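Student: I've got a model open and I'd like to learn how to read it feature by feature. Can we go through it together?

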Amino acid sequence: MAFLFGYAKTSYTHHSTPISLPTKTGSQTSFSDLIKAAIPPCRLNPFLFNGHLQTMWTAVKDDGPPVYYKRKIYESTHSIYPGQFTADFVVSKEEGLESKLDESLPERTTFYSEKEWDSVGSEDNKPMLICLHGLSGGSHEVYLRQCVAPLTALGWEACVVNGRGCALSKITTPRLFNARATWDVRQLIEHLHELFPNRPLYAIGFSLGANILTNYVAEEGDKCVLKAAVACSNPWNLEVCNISLQRSWLGSEVYSKVMGSNLLKLYERHRSELVNAKELDEETIRKCKYLYEFDRAVQAPSWGYPTEGAYYRDAQSVDAVVAIKIPFFAINAEDDPISSFEALPYEEFKQNPYTVLCCTNWGGHLSWFQFGGKRWFADAAVAFLTKIHDEIDVNALQTGEGVKENGDVPTKKYPIFDPCNRRLISPPK
């Protein structure tokens with residue numbers, strides 16, 4: 001009966017002895033204790049009493065908090081995957097209105113002029129948030145702005161890296177974004193580190209963006225320059241989530257079909273570039289209705305995978321959890337119809353003292369709607385980020401000198417399980 005009053009049950013999964021973090025007062029605090037102290041109780045709209053209602057409510061028009069952006073186009077430095085991607089930087093309302101609105105971009109977004117971009121760098125030490133949106137989304141998404149708006153109101157800086165072809169960005173090669181494409185966010189973070197050498201950098205990912213962020217943090221390991229990261233509604237095991245979606249009528253005919261339709265619109269928008277890819281068959285693409293069909297017809301062949309299953313297995317982030325070496329906080333709802341309960345990596349979180357998984361028994365996918373339209377997960381993410389920045393000596397985190405691993409972490413030399421390459425590595429003969 002707790003749902004009648006809007007209360008959702010909250011649970012935390014983590015290593016038996018999480019890392020201890022250095023505080024600004026000179027003491028140490030357990031990472032899991034810090035999170036539990038920061039996260040507000042999960043109280044949701046009782047009229048949206050299950051994951052389907054919560055998730056479907058995202059279709060209801062909501063203007064959300066106004067956030068203004070300036071867009072920068074980046075040329076990829078990746079030797080194998082060249083092309084363009086864009087990043088949208090949060091600016092003040094006054095800065096956003098200085099430029100004439102561009103109908104080719106999402107609302108409240110304009111391009112940086114060359115003169116404006118030349119003056120972007122700074123020696124300030126403001127905290128900065130890097131955001132990764134969900135499937136076919138962008139910086140304009142309400143769920144993303146609900147996290148950005150309260151932080152920038154507190155003095156944080158923020159930017160969003162848009163997936164290739166998303167948020168009305170253009171592509172210059174016959175490929176869209178990829179669920180494992182960590183190279184664009186890596187290039188952006190390296191550039192931000194150069195532009196703002198004194199700023200502590202944090203990151204948050206949503207749904208597919210959370211999957212990419214998790215993989216990026218794991219690939220960087222103890223060299224990751226981020227102070228902390230948050231993953232919201234990560235699908236974790238993409239293959240399991242795909243099977244789960246096809247198992248029910250709602251999963252197949254509502255969620256998978258809607259996501260597939262959104263991706264087909266993305267294909268149509270970039271058809272002039274994508275039609276040049278010899279790996280793609282346009283007749284097959286136009287017959288696609290579901291998400292997995294689009295991934296089979298477009299994403300798998302575009303990136304060299306034989307099947308959509310191979311693409312899912314390589315791109316998923318469930319194994320990456322064990323390689324993370326920065327404070328990492330994940331939020332999922334157990335009734336999420338898209339990021340399936342069966343895909344949640346409870347055991348992997350128990351292996352890594354740098355990670356904590358927060359699960360609620362109710363909340364849907366990027367939803368957790370409260371009365372008034374605000375989303376609890378946004379409150380939780382903001383509370384975590386502000387607490388770790390305000391109370392933890394984040395400068396000590398970068399060297400690892402202030403972090404204490406309190407428990408035994410597996411250090412077996414061979415065979416090595418590399419979550420970034422998905423293979424067991426054996427010693428040379």
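Predicted model: local features only at pLDDT ≥ 70, side-chain atom pairs only at ≥ 80, totals over all residues.

Student: Fine. Which residues does UniProt list for "active site"?

Tutor: The UniProt entry, which is unreviewed, lists S207, D336 and H365. Such annotations may be inferred rather than shown by experiment. The three span 159 residues in sequence, yet no two of their C-alpha atoms are more than 11.0 Å apart, so they gather at one spot. The lining of the largest pocket includes S207 and H365 from this set.

Student: Where does S207 sit, and is S207 buried or exposed?

Tutor: Look at the loop that runs between β9 (201-206) and α7 (208-220); S207 is there. For burial, the idea is a cut-off: under 20% relative accessible area means buried. S207 has 10% relative accessibility, so it counts as buried. Setting aside residues up to four places away in sequence, S207 touches G134, C232, S233, N234, P235, H365 and L366.

Student: And what does H365 touch?

Tutor: Beyond its neighbours within four places in sequence, H365 is in contact with T55, T58, S207, S233, D336, P337, I338 and S339. Its side chain also makes a polar contact with the side chain of D336, at 2.8 Å. H365 belongs to the loop between β12 (355-360) and α15 (376-391), and at 9% relative accessibility it counts as buried.

Student: C232 came up among the contacts of S207. How many disulfides does the structure hold?

Tutor: The general idea is that a disulfide is a covalent bond between the sulfur atoms of two cysteines. The count here is 0. Take C147: the nearest cysteine sulfur is that of C232, 5.7 Å away.

Student: Next, the hydrophobic side. Which residues have the most contacts inside the largest nonpolar core?

Tutor: In soluble globular proteins, nonpolar side chains tend to be buried together. The largest nonpolar core here has 52 residues, and those with the most contacts inside it are F206, W376, F377 and F384. The element giving the most to this core is α15, with 9 residues. There's also a second, separate core of 44 residues, with V120, I130, I189 and L226 among them.

Student: What is F206 in contact with?

Tutor: Leaving out neighbours within four places in sequence, its partners are C131, L132, H133, G134, Y143, L144, C147, C232, L366 and F377.

Notes:
Residues numbered from 1 in each chain as written. Heavy atoms only, no water. 1 Å grid on protein atoms, 1.4 Å probe; cavity = no way out; pocket = protein on both sides within 12 Å on 5 of 7 lines; lining within 4 Å. Helix = DSSP H or I, 4+ residues; strand = E, 2+ residues; numbered from the N terminus. Buried < 20%, exposed > 50% of the residue type's maximum accessible area, 1.4 Å probe, protein only. Contact = heavy atoms within 4.5 Å. Polar contact = N/O pair within 3.5 Å; in protein donor to acceptor, adjacent residues only side chain to side chain. Disulfide = S-S within 2.5 Å. Core = buried A, V, L, I, M, F, W, Y, C linked by side-chain atoms within 4.5 Å.
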